[in-house]
Amino acid sequence: MSDASEKLTQSGLSRSVGIVEPKTARFSEPLALDCGRSLPSYELVYETYGQLNAERSNAVLICHALSGDHHAAGFHAETDRKPGWWDSAIGPGKPIDTDRFFVVCLNNLGGCKGSTGPLSIDPVSGKPYGPDFPIVTVKDWVHSQYRLMQYLGLSGWAAVIGGSLGGMQVLQWSITYPDALAHAIVIAAAPRLSAQNIAFNEVARQAIITDPEFYGGRYAEHNTLPRRGLMLARMLGHITYLSDDAMRAKFGRELRSGKVQYGFDVEFQVESYLRYQGTSFVDRFDANTYLLMTKALDYFDPAQASNDDLVAALAEVKAHFLVVSFTSDWRFSPERSREIVRALLASGKQVSYAEIESNHGHDAFLMTIPYYHRVLAGYMANIDLASTPRGASSPVCSTEGAV
Amino acid sequence: MIRPDWHIVGQWITPKSRVLDLGCGDGALLSHLIERRQVSAVGLELDDDKVASGIERGLNIIQEDLDSGISDWFAPMSFDFVIVSQTIQAMRHPERLLADMLTIAREGIVTFPNMGYWRNRVQLGLLGHMPINRALPNPWYNTPNIHLCTLSDFESLCHELGIQILDRAVVDSAHRESTLLRALPNWFGEHAIYRIQRKA
């Protein structure tokens with residue numbers, strides 16, 4: 001343990017994984033993509049928490065959502081204001097217990113946090129990919145995650161876990177690599193997007209694409225950013241991640257200055273909040289990545305290849321499932337999770353389903369809700385590591401000393 | 001400790017069969033059946049605390065309100081047995097549940113508190129108030145038990161719905177069987193346990 005993480009422990013963050021360091025895995029074998037193109041080589045940036053056991057049977061993969069990344073837990077520096085995006089659930093003694101599991105989280109291909117994506121240099125042109133980065137799908141991500149698994153010397157996961165778009169990756173894992181995972185935890189997800197969901201994504205994309213600073217995605221070459229477009233896309237997204245109740249509770253109709261000004265400046269607190277969320281997002285996220293991520297969401301439809309029959313699509317699945325939804329989530333409503341559960345039951349799979357009472361909307365999946373965390377912890381505690389798939393794949397890199 | 005009514009239910013369940021427990025509570029009965037009968041089990045439960053307990057036991061639990069309909073969740077004949085233990089009297093539509101459960105499974109097992117039990121009759125018929133006792137502990141205004149029935153009420157409903165009664169056991173408050181119970185079940189049975197199937 002480093003000095004810094006000792007200090008964090010002493011400062012009351014004893015349930016934190018402490019200071020963590022991202023690592024980079026390089027792959028030189030081309031990756032064929034759904035869109036017909038392929039990536040000749042690529043890098044995946046990832047973090048790990050906890051220790052891999054001698055049997056290599058306690059690895060857990062965390063799949064991130066639309067704007068997530070590899071930094072799921074802990075801190076990069078002592079001065080960090082905020083921990084990783086799912087620190088509430090990952091750590092010693094937490095539902096995804098790093099005292100028991102070796103947790104892996106990566107930034108997906110097409111991302112903007114270190115893995116190969118629109119900001120990376122295209123080896124062919126020698127310039128950043130920008131809008132020329134190929135469209136990647138959930139299935140492409142799962143293939144790349146499988147390679148990361150092999151790179152880490154793992155032959156299978158004790159569990160693959162994700163919320164929202166992350167949950168879709170979990171579902172895809174169970175279908176594409178049925179022998180590589182023992183448990184699948186799908187949180188606040190859907191078997192495919194509804195027309196309404198695609199519509200929200202399209203408005204977000206149009207906001208970005210029609211921004212005069214977008215330059216067909218080549219904004220970097222013009223030394224600018226489609227700030228307004230990306231900000232609008234994030235503001236719209238944020239509205240759909242919260243519930244009516246949550247917004248009422250958080251902002252009501254509260255005015256910033258106490259009285260109405262009869263103008264178009266920020267007056268209501270909710271406007272101020274959305275603008276803040278939008279502008280701060282622009283500084284940490286790439287517009288081309290945002291476009292790619294929303295497309296991956298829209299295209300996800302594992303039942304399509306089975307004549308829209310999800311039961312048939314799940315026929316080869318071997319993983320045991322935990323499916324979780326939240327009552328006030330209208331972007332990925334409980335009904336969409338029930339579709340997954342019903343299909344799993346109909347194809348004779350092992351599944352548990354919990355519907356969590358919450359007024360936090362879609363964002364609830366990141367929150368510390370006692371019943372939610374009890375279910376997650378209870379399910380994780382029952383995972384029998386002896387049932388983790390084992391193959392003969394040997395380590396390509398050392399995982400010794402992983403934080 | 002194993003409750004005697006579980007023992008009876010366990011005897012009726014074929015080893016290694018597929019079992020669905022509707023209103024499975026904390027999953028104790030399912031755990032018992034998995035241990036004794038090696039069944040493959042699924043439980044339905046609405047209460048958060050009980051769902052979490054079932055998942056903590058490592059069971060497959062689906063969180064759902066039984067009153068919102070179960071035929072949406074399960075394909076016809078996807079189970080060998082459906083158990084409804086001490087739950088039917090709390091349903092809004094017990095008759096719908098009975099019909100639905102026998103589309104999902106070959107056989108149903110239903111247990112409920114017998115309103116015809118002599119103590120209930122004394123409390124209502126002689127003392128003139130709604131029964132409150134071990135089997136029915138709640139006052140009338142605050143009870144989940146909104147559709148109480150006697151053995152004969154249940155049997156006539158089965159008759160109406162075209163349901164055949166394959167087995168019946170009645171037990172007292174300690175969930176034991178006795179000679180008196182066998183002679184006058186609707187008087188001395190505190191709890192009833194039925195095994196039912198759809199008439200051919």
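This report covers confidence, helix packing, the contact between the chains and some loop residues in a predicted model.

## Confidence

Chain A has a mean pLDDT of 92. In that chain, 93% of the residues reach 70 or more. Two stretches of chain A fall below 50. Residues 392-403 of chain A are one of them, with pLDDT below 50 and 21 contacts in the model beyond near neighbours in sequence. Residues 1-12 of chain A also stay under 50. For residues 1-12 the model has 16 contacts beyond four places in sequence.

## H2 and H3 of chain A

Two packed helices are described by the angle between their axes and the distance between the axes. Helix H2 of chain A spans residues 138-151, and helix H3 of chain A spans residues 165-176. Their axes come within 9 Å and cross at roughly 70 degrees. An angle of 65 to 115 degrees counts as roughly perpendicular, and H2(A) and H3(A) are therefore roughly perpendicular to each other. The crossing is right-handed.

H2(A) makes this contact through Val138(A), Lys139(A), Trp141(A) and Val142(A). H3(A) brings Met168(A), Gln169(A), Gln172(A), Trp173(A) and Thr176(A). By class, the contact of H2(A) with H3(A) has five nonpolar, three polar and one charged residues.

## H4 and H5 of chain A

Helix H4 (residues 195-209) and helix H5 (residues 227-241) of chain A form another pair. Their axes come within 7 Å and cross at roughly 160 degrees. That makes H4(A) roughly antiparallel to H5(A), as angles over 145 count as roughly antiparallel. This crossing is right-handed.

On the H4(A) side, the contact residues are Phe200(A), Val203(A), Ala204(A), Ala207(A) and Ile208(A). They meet Gly229(A), Leu230(A), Leu232(A), Ala233(A), Leu236(A), Gly237(A) and Thr240(A) in H5(A). The contact of H4(A) with H5(A) has nine nonpolar residues, three polar and no charged.

## H5 and H7 of chain A

H5(A) also packs with helix H7 (residues 269-284) of chain A. The axes of H5(A) and H7(A) come within 8 Å and cross at roughly 130 degrees. That makes H5(A) oblique to H7(A). H5(A) passes H7(A) in a right-handed crossing.

From H5(A), the contact uses Arg227(A), Leu230(A), Met231(A), Leu232(A), Arg234(A), Met235(A) and His238(A). From H7(A), it uses Leu274(A), Gln277(A), Gly278(A), Thr279(A), Phe281(A) and Val282(A). The classes in the contact of H5(A) with H7(A) are seven nonpolar, four polar and two charged residues. Leu230(A) belongs to the contact with H7(A) and also to the contact with H4(A). Leu232(A) likewise meets H7(A) and H4(A).

## Where the chains meet

The contact between the chains takes 16 residues from chain A and 13 residues from chain B. On the side of chain B, H3 and E3 each supply at least two residues. H3(B) gives the most, with five residues. By class, the side of chain B that touches chain A has eight nonpolar, three polar and two charged residues.

Helix H3 of chain B runs over residues 48-56. Its buried residues are Val51(B), Ala52(B), Ser53(B), Gly54(B) and Ile55(B). After H3(B) comes Gly58(B), with a positive phi near 85 degrees.

## Loop residues of chain B

Two residues other than glycine have positive phi. Lys16(B) has phi near 65 degrees. Lys16(B) lies in the loop between helix H1 (4-12) and strand E1 (18-22) of chain B. With 10 other C-beta atoms within 10 Å, Lys16(B) is exposed. Gln38(B) has phi near 50 degrees. The loop that holds Gln38(B) lies between helix H2 (28-37) and E2 of chain B. Gln38(B) is exposed, with 11 other C-beta atoms within 10 Å.

Trp140(B) sits in the loop between helix H5 (118-126) and helix H6 (151-160) of chain B. Trp140(B) has 12 C-beta neighbours inside 10 Å and so counts as exposed, the cut-off being 12 or fewer. Met130(B) is ten residues from Trp140(B) in sequence. Their C-alpha atoms are 6.7 Å apart.

Key. Residues are numbered from 1 along each chain as its sequence is written. Chains are lettered from A and ligands numbered from 1 in the order in which they are written. This is a predicted model: local features need pLDDT of at least 70, side-chain atom pairs count only at pLDDT 80 or more; totals for chains, interfaces and linings use all residues. Axes are lines fitted to C-alpha atoms, for helices over the stretch in contact, and angles run from 0 to 180 degrees between N-to-C directions. Helices (H or I, at least four residues) and strands (E, at least two) are DSSP runs, numbered from the N terminus. Angles under 35 degrees count as roughly parallel, over 145 as roughly antiparallel, 65 to 115 as roughly perpendicular and the rest as oblique. A crossing is left-handed if the near helix is turned anticlockwise from the far one by less than a right angle, and right-handed if clockwise. Two residues are in contact if their C-beta atoms, placed from the backbone, lie within 7 Å. Ala, Val, Leu, Ile, Met, Phe, Trp, Tyr, Cys and Pro count as nonpolar, Asp, Glu, Lys and Arg as charged, and the others, Gly among them, as polar. A residue is buried if 20 or more other C-beta atoms lie within 10 Å of its own, exposed if 12 or fewer, and partly exposed in between; C-beta atoms are placed from the backbone. pLDDT is the predictor's confidence in each residue, from 0 to 100.
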